[in-house]
Amino acid sequence: MSALAFTRQIHTPIRIKPKIKHKQKQKPKSFSTPPITRASFSDPFVIQLAEILEDSVSPSSSLQKLRDSSSESLLSTSWPSRKDEPFRFTDTSFIRHSQIIPITKPPQLDYLPSHNGDALLPYLVIADGFVLNSMSKLSTLPDGVYVGSLLSDSSDRIAKRVLEFVADFEWGDLFWSINGLGAPDMTVVYVPAGVKVENPIHFKYVSVEGGEEGSKKLPVSNPRVFVVVEEGGEVGIIEEFVSKEGNDDKCHWANPVLEVVIGKGAKVRHSYVQSQSLNSAHIKWTAVRQEAASTYELVEVSTGGKLSRHNLHVQQLGPDTATELSTFHLSVGDQTQDLHSRLILDHPRGYSQQLHKCIVAHSQGQAVFDGNVKVNRYAQQTNAGQLTRSLLLEPRATVNVKPNLQIIADDVKCSHGAAISDLEETQLFYFQARGIDLETARKALVFSFGAEVIERLPYSFMRRQVESHVKEKLLTSTFKGSSR
């Protein structure tokens with residue numbers, strides 16, 4: 001078993017602003033690795049990817065600003081390698097050496113599973129990046145709340161409010177820009193001031209199109225969701241990512257982005273569950289901006305994907321702001337589960353707590369945690385905590401952790417910690433001393449390790465669903481051959 005920790009390195013990439021060339025609409029095409037690659041600010045692979053993404057989407061005046069800024073960024077960015085600090089432990093060559101094909105139309109309805117969540121909740125089905133209105137149910141939303149396409153929104157007021165923030169985020173990477181250029185539409189959640197949405201809004205993302213294992217074919221989807229909660233509003237968001245039933249061995253790439261703007265005194269509860277194909281790539285961006293006295297709570301459980309990475313950026317933009325982040329990652333195969341988080345506190349009396357837990361139950365599996373909390377000069381009387389704990393159950397399993405707490409203010413209460421281990425012998429002995437056999441003891445300890453995060457999911461149907469899924473994953477991998 002190996003566990004590595006490294007100090008953070010900072011470098012500034014060279015960026016240029018090339019002239020963007022707009023071409024006539026052409027039939028979307030696929031591509032594989034070009035014969036010549038250069039590690040420079042004009043990467044032929046990325047340029048070619050930008051071209052096919054631009055060809056794959058329909059013109060949209062509402063999204064043009066986002067697409068232009070994303071195109072400009074892509075043209076001056078090279079594909080990330082292990083030499084780049086943010087990707088030091090994350091190998092993206094699986095995507096780089098595939099035949100990437102943008103998905104240009106929604107799938108047929110008969111290919112899709114029925115909704116299996118709480119039937120009383122408002123829900124939206126997004127298949128291969130496209131909203132399927134016929135499979136969605138939004139009739140139970142309060143007056144004034146809008147959930148739907150930005151392009152089909154008849155209210156200029158909501159569109160203008162959302163477009164104030166679009167393309168106004170400076171921390172994104174290449175995958176953020178790929179989504180900005182390739183998103184066919186933007187799904188909007190708008191909650192007016194003072195409105196509390198009683199039931200959470202359930203987004204079910206389904207990846208339908210996929211390539212056969214070994215074919216190099218990698219269809220890519222770029223769903224994008226924008227949430228705006230005005231002053232005093234409250235809403236719950238559930239994001240569930242799955243592959244179509246029977247596609248557990250298919251290859252596809254989901255590249256979603258969620259942006260959240262939380263007004264003064266507002267609250268957002270965010271549940272994010274990812275259980276896609278073990279041959280898939282799943283690279284997600286979540287960007288959150290919090291005004292004064294607002295609250296953002298995230299609970300994440302990720303078990304799917306050959307390559308799964310969550311880029312999480314939260315910025316507190318006012319005093320008395322609260323942020324709680326709880327994540328659980330499980331790697332039961334040749335998988336990489338990666339969390340890169342960045343939390344910036346700039347104002348007095350901020351509160352943040354981050355708990356990250358992961359289990360690596362395969363000799364070729366790995367987990368990555370790169371967590372950055374920055375308490376700036378004016379964030380006095382801040383209370384910030386960060387804890388990462390990892391459980392390695394197989395020889396040669398790997399966890400790379402980089403907890404980073406940077407404090408510039410001088411009147412704060414801050415802490416962070418990291419622990420990586422196998423099951424402790426003293427804990428196993430405690431069970432055995434009470435007549436419980438070793439195998440049962442191991443199961444109890446492993447299941448309870450992730451339960452601390454799963455129990456924080458705020459909705460009972462999702463807790464039951466996730467708990468059952470995690471237990472099944474562990475029983476069929478870590479405890480093969482044991483009785484249930």
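Buried here means under 20% relative accessible area, exposed over 50% and partly exposed in between, with a 1.4 Å probe and protein chains only. The model is predicted, so local features need pLDDT of at least 70 and side-chain atom pairs count only at pLDDT 80 or more, while totals for chains, interfaces and linings use all residues. Residues are numbered from 1 along each chain as its sequence is written, and side-chain values use heavy atoms, with hydrogens and water left out.

**View 1. Trp176 meets Trp285.** Both of these tryptophans are buried. Ring centres sit 5.4 Å apart with planes at 80 degrees, so Trp176 and Trp285 go down as edge-to-face. (Rings of Phe, Tyr and Trp, its six-membered ring, pair if their centres lie within 6.5 Å; planes under 30 degrees apart are stacked, over 60 edge-to-face, the rest tilted.) Trp176 belongs to helix α5 (residues 174-182) and Trp285 to strand β14 (residues 281-290), 109 residues apart. Helices (H or I, at least four residues) and strands (E, at least two) are DSSP runs, numbered from the N terminus.

**View 2. Phe45 and Trp79, with the cluster around them.** The structure holds twelve aromatic pairs. In this one the centres are 5.2 Å apart and the planes at 90 degrees, so Phe45 and Trp79 are edge-to-face. Phe45 is in helix α1 (residues 44-56), and Trp79 is in the loop between α2 (64-75) and α3 (93-96). Ring pairs join both to Phe87, Phe175 and Trp253 in a cluster.

**View 3. Lysines over rings.** Lys284 lies over the face of Tyr272, 5.0 Å from the ring centre. Lys357 puts its charged end over Phe449, 4.2 Å from the centre of that ring. The cut-offs: NZ of Lys or CZ of Arg within 6 Å of the ring centre and within 35 degrees of the ring normal.
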